[in-house]
Each structure stands twice: as structure tokens, then as C-alpha cells.
Amino acid sequence: MSAETSSGPTEDQVEILEYNFNKVNKHPDPTTLCLIAAEAGLSEEETQKWFKQRLAQWRRSEGLPSECRSVTD
């Protein structure tokens, strides 16, 4: 399996992203996002895009609209 940036993060990178999404923050601030990106070896843009998609996925699984901000934000 080749690690092409166009096809998204590798399994190892996804593991880091998932961990941060579930354990750290579903809405990382720019500083946290930067640290997660560095840890995963991804660009901040890629990391932010992944979090956005993952959050929409999570909202759907929770039965929430994928885009609106929740009251806890």
C-alpha cells in the first residue's frame, strides 16, 4: 500500500487523528490542530479537513445534523 497524500492519511496517521478526535478534542483550536498535524506528519490543512469530515460522520452517527454547531461548543 503506497502512502499517497491524495488518497488521504495512512493507517498510522488515522490512528493518531482518531485518538485525538476521541480523547482530546472534536473541535481542536489552531494550536492543538498544529500539534496534531505535526504528530501525524500531515499538513494543518489536511488535518483540519479530516477533522471536519470526521465530525460530520460523528454527528450523523449521533443523529445530529452534520453541519450545525452544537450547544456545547
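These legends walk through a few close-up views of a predicted model.

**View 1. Helix α3 and its length.** Here we look at α3, which covers residues 44-61. With 18 residues at 1.5 Å a residue, this helix should span 26 Å, and its end C-alpha atoms sit 25 Å apart, so the two agree.

**View 2. The buried side of α3.** Which residues of α3 are buried? They are Thr47, Trp50, Phe51, Arg54, Leu55, Ala56 and Arg59. Part of what covers them is α1 (11-24) and α2 (30-40).

**View 3. Where α1 meets α2.** These two helices pack at an angle of about 150°, and their axes are 9 Å apart. Angles over 145 degrees count as roughly antiparallel, so that is how α1 runs relative to α2. The crossing of α1 past α2 is right-handed. On the α1 side, the contact uses Gln13, Ile16, Leu17, Asn20 and Val24, while α2 brings Thr32, Ile36, Glu39 and Ala40. Sorted by class, the contact has five nonpolar residues, three polar ones and one charged.

**View 4. Where α2 meets α3.** How do α2 and α3 cross, and at roughly what angle? Their axes come within 9 Å and cross at roughly 105°, so the two helices are roughly perpendicular to each other. From α2, the residues Pro30, Leu33, Cys34, Ile36 and Ala37 meet Glu44, Thr47, Gln48 and Phe51 of α3. This contact counts six nonpolar, two polar and one charged residues. Two of the α3 residues here, Thr47 and Phe51, are also among the buried ones of that helix.

Conventions:
Residues are numbered from 1 along each chain as its sequence is written. This is a predicted model: local features need pLDDT of at least 70, side-chain atom pairs count only at pLDDT 80 or more; totals for chains, interfaces and linings use all residues. Side-chain values use heavy atoms; hydrogens and water are left out. Helices (H or I, at least four residues) and strands (E, at least two) are DSSP runs, numbered from the N terminus. The expected span of a helix is 1.5 Å times one less than its number of residues. Buried means under 20% relative accessible area, exposed over 50%, partly exposed in between (1.4 Å probe, protein chains only). Contact means heavy atoms within 4.5 Å. Axes are lines fitted to C-alpha atoms, for helices over the stretch in contact, and angles run from 0 to 180 degrees between N-to-C directions. Angles under 35 degrees count as roughly parallel, over 145 as roughly antiparallel, 65 to 115 as roughly perpendicular and the rest as oblique. A crossing is left-handed if the near helix is turned anticlockwise from the far one by less than a right angle, and right-handed if clockwise. Ala, Val, Leu, Ile, Met, Phe, Trp, Tyr, Cys and Pro count as nonpolar, Asp, Glu, Lys and Arg as charged, and the others, Gly among them, as polar.
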